[in-house]
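User: I would like to go through this model with a few questions about how its chains meet and how they are packed.

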Amino acid sequence: MTTTSAQAVPRAVAVARLEEQWREQRSLRSWFATVDHKRIGRRYLVTAGAFFGLAGIDALLLRTQLARAGGDVLSPDQYNQLFTMHGTAMIFLFATPMLFGFGNALVPLMLGARDMAFPRLNAFGYWVFLFAGLIMFSSQFLGVAPNGGWFAYVPLTDLPYSLGRNLDVYTLGLIFLGVSTTAGAINFIVTSIKLRAPGMSLNRAPLFVWAIVATSFMVLFALPALNAANALLFLDRRFGTHFFQPDAGGNTLLWQHLFWIFGHPDVYIIVLPALGIVSAILPAFCRRGVAAYPLVVLATITIAIISFGVWVHHMFATGLPSLSLSFFSAASVLITIPSGIQVFAWVATMLFGRIVVRVPLLFVVGFIVTFVMGGVTGVMFGITAFDMQITDSYFVVAHFHYVLFGGAVFPIIGGLYYWLPVLTGKMASEVLGRWAFGLVFGGFHLTFFPMHLSGLLGMPRRVYTYPTGLGWDPWNLLSTIGSYVLAVGLLLVVLSVVLAVARGPRAAVDPWGGDTLEWAATTPPRPYNFASIPQVFGLHPAWDRRTLSRLETDEVLPGHQALLTSELDARPQRLVSMPEASLRPLLAALALLVVVLGLLWAVYWLAIAGVVATIVVVVGWLWPPQLTRAEAEAA
Amino acid sequence: MTTIRSTARGRRLGPAFSWFGVVGGAVAWSVHLIAAWAVDELTCGAGRATVAGVPLVAVMWVAVIVPALVTAAALAVSALVWRRESAAARQRADRGYGRTGMLGLVGLGANALFLSIIVAGGAAVLVLPVCQP
């Protein structure tokens, strides 16, 4: 496939033709119809970031209310809605979509592919995510937001204890959102298995890709349990079934089982891609690959599997037989081994590498410190006797913020700084970034460390106020002050990104010296990513001269095409045509939105109309294109 | 996956054998967890201490020991694959992990971990009454 120097001009012509074929016009229609994974990835990041901001404002209001005993900033009902929306939005509308945004923007680039395997499904997933988020947040502004906690335990959330539309928004919103997450997961799996660059066998796949694939499999196995639980609760509430009503033969623990079969893997669904981000960032700033690559892969896979066997540790206080609990307790404690393997691998990478301290690395170090602290309290919860003492207290709130904020938000911010050149072609200010890190790190620990103490002193979670004199006052005040410091730090992150995009310096090609293929593309990448399909010879293709030189000289892959490769060893198989931009994904998402709104408002003819519209759009979407003879022969 | 033997039968069995070394422990642990938990919770919830006439504690032992043995077998297979691949890697110039070697190592670590979890959870059958809340 290598061209000679005499073919340099034809290569330039071929690249120009490629530009023409992949370019998306700047128009309103193009904005709605795009299927470019990079544009969709950026939209995921921006939208999830906006939802993070809204849920963060909820948190600030909650902390303001709790700053002193007997606070009266919020009413009890407002407080219920705010803490429910805060948790629900952070878990479902921020963390997973944000990490899927990184996956969308980066996985095809890291694999040396031209797009996701199903670009239109990708666009559809984004629109569904956006509409589901808008439904849920608009309910908050209308005063009918979910108010039963992010895990919506029955019987509280069932009739007659929760009237109104609040919990219907929760059940339908999450089922709707699940469509998006499932579509995204399928897309990541197929893309990673079939579109890897030639030579990228399983033992050469980037750790971030391993993490995204493991996460996607987890989504596919975990999400049906949540969807089933929400569907059953909706049926109970709307149509009078009794799945969760014991006096009519139902079972309240069924909700907890279904929810946590999803819920605990979901912790790792959030954390694993973030760990992948850490493994992607470290090589650039340690000037070496991540130590013990096979063991990190081992850890990623085993965490993904074992996370499905620990859900009952959320139910240690429900009266299940102790013997049953012991099986889950063992898994809950031993899952720390693979987590520990990853931490030791990162520490070894830094120890044996040549460290260059820049903003992304600071957030990685902040992550390691915070995540390990959260992991230590996590082990404590794995011990049944301790868990029984501390369950539903602020100690739990402290623990899961250390795990989720420490385990996901620090890497997300680090990843944002690291990949900003790929995402925007610009560099962020190092000075602003360091200030942001200091405020986020300090603010975070000031907010959440005192919660361990208020929890140990007996403060229960989800209380809208508390009396003075119980020893909780100073810790709550510190937490509230910390939350404002944290908010300032996060605002600095937003400011530095906005300033970078608006007037930041243009990024050079591979400004950090990263080792994965996204850094071998132009900065920012062209719509087709790579003119020639990369050849991979090792674990660090962007550090490999053979890969880089062949990218410059190999034959250009013409047309709107991608190369399929074999599943295990990434051997070239055949070329496939990639779909063009289309409005159908947006229309399908809109039709599904009509179904959800019809069910939510109990206007069933509208829901049926939405179902019909969805079917019509999907049939049109899947209808075989009319090809000319020449096109058919080419295909 | 690499073949274990060079005979025709070996070539047929090799990949399946090796994949057993990679995923055998995970499957066995999943079966152990679901079976042991579900049987214990449902039987005790129904107020019984036997399953089809068999004492619940005996069922619990089966739900622990059989998956543990399967996991131990998977561990042995992955160790075999890992040893062969390591020997092959030493012959190569780059001495790096091949794809099969990496999966062998993943199987080795995973099976050891799953066996530890089954043993640690299963040890409770020795000390806890089956239906004690």
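User: How many residues of chain B are in contact with chain A, and which helix of chain B gives the most to that side?

Analyst: In this predicted model, where local features need pLDDT of at least 70, side-chain atom pairs count only at pLDDT 80 or more, and totals for chains, interfaces and linings use all residues, contact means that C-beta atoms, placed from the backbone, lie within 7 Å. Residues are numbered from 1 along each chain as its sequence is written, while chains are lettered from A and ligands numbered from 1 in the order in which they are written. On that basis 26 residues of chain A meet 28 residues of chain B. Helix 1 (8–45), helix 3 (99–122) and helix 4 (124–127) of chain B each give two or more residues to this side, and the one that gives the most, with eleven residues, is helix 3.

User: In what order do the elements of chain B run?

Analyst: Helices (H or I, at least four residues) and strands (E, at least two) are DSSP runs, numbered from the N terminus. Chain B has four helices and two strands, and from the N terminus on their order is α-β-β-α-α-α.

User: Which residues touch the most other members of the largest nonpolar core?

Analyst: Such a core joins buried Ala, Val, Leu, Ile, Met, Phe, Trp, Tyr and Cys residues through C-beta atoms within 7 Å, buried meaning that 20 or more other C-beta atoms, placed from the backbone, lie within 10 Å of a residue's own. The largest core holds 244 residues, and those touching the most other members are A:Phe94, A:Val128 and A:Ile281.

Terms used:
Buried ≥ 20, exposed ≤ 12 C-beta atoms within 10 Å, placed from the backbone. Contact = placed C-beta atoms within 7 Å.
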